[in-house]
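Try each task before you read its solution.

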Amino acid sequence: MEVTQDMINALLMLGDAELSQKFTEIAAALGTNEKTAQANTAKFRGMLAKSSPSDLNRLLEALGKERTEEILKTLDGESS
């Protein structure tokens, strides 16, 4: 599975609380600070709006298969 424009659009349509939760789940999958993800929702929303599916897919490719699968599940609406 890859990031699609539909996935990006769906994320951008989420309210701040829901989007913050998605970013928190992604941060957990990456093993990074979840509070930082929550505190920077507006910044991440802006970055997401400027990103293309190919930009995000290249980033995910660099993270490795296991992390990528977990992130894509989160983006697709599945919980870990």
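**Exercise 1.** Work out how much space lies in the second largest pocket of this predicted model, and which residues line that pocket.

*Solution.* 
- Step 1: the second largest pocket holds about 210 Å³ of space.
- Step 2: its lining is made up of Met1, Glu2, Asn57, Leu60, Glu61, Gly64, Lys65, Thr68, Glu69, Leu72 and Lys73.
- Step 3: sort these residues by type, and you get three nonpolar, three polar and five charged.
- Step 4: turn to the helices. Both α5 and α6 supply at least two lining residues, and α6 has the largest share, with five.

**Exercise 2.** Find the salt bridge formed by Lys65, and decide whether Lys65 is buried, partly exposed or exposed.

*Solution.* 
- Step 1: the partner of Lys65 is Glu69, with 3.9 Å between the closest N and O atoms. The cut-off for a salt bridge is 4 Å, so this pair counts.
- Step 2: both residues sit in helix α6, four residues apart, or about one turn of the helix.
- Step 3: Lys65 has 64% relative accessibility and therefore counts as exposed, while Glu69, at 40%, is partly exposed.
- Step 4: look back at the second largest pocket, and you will find Lys65 and Glu69 in its lining.

**Exercise 3.** How many salt bridges does the structure hold, and what does Asp16 pair with?

*Solution.* 
- Step 1: there are three salt bridges.
- Step 2: Asp16 pairs with Arg45, the closest N and O atoms lying 2.9 Å apart. This pair links distant parts of the chain, since Asp16 belongs to helix α2 and Arg45 to helix α4, 29 residues apart.
- Step 3: Asp16 is exposed, at 52% relative accessibility, whereas Arg45 is buried, at 18%.
- Step 4: another of the bridges joins the side chains of Asp55 and Arg58, at 2.8 Å from N to O. Because Asp55 and Arg58 are three residues apart in helix α5, about one helical turn separates them.
- Step 5: Asp55 is partly exposed, at 32%, and Arg58 is exposed, at 52%.

**Exercise 4.** Describe the largest pocket: its volume, and the residues closest to its centre.

*Solution.* 
- Step 1: about 530 Å³ of space lies in the largest pocket.
- Step 2: of the 24 lining residues, Phe23, Ile26, Phe44, Leu56 and Leu59 are the closest to the centre.
- Step 3: α2 gives the most to this lining, six residues.
- Step 4: by type, the lining has 19 nonpolar residues, four polar and one charged.

Notes: Residues numbered from 1 in each chain as written. Predicted model: local features only at pLDDT ≥ 70, side-chain atom pairs only at ≥ 80, totals over all residues. Heavy atoms only, no water. 1 Å grid on protein atoms, 1.4 Å probe; cavity = no way out; pocket = protein on both sides within 12 Å on 5 of 7 lines; lining within 4 Å. Points joined across faces, edges and corners; volume = space filled by probe spheres on them. Nonpolar A, V, L, I, M, F, W, Y, C, P; charged D, E, K, R; others polar. Buried < 20%, exposed > 50% of the residue type's maximum accessible area, 1.4 Å probe, protein only.
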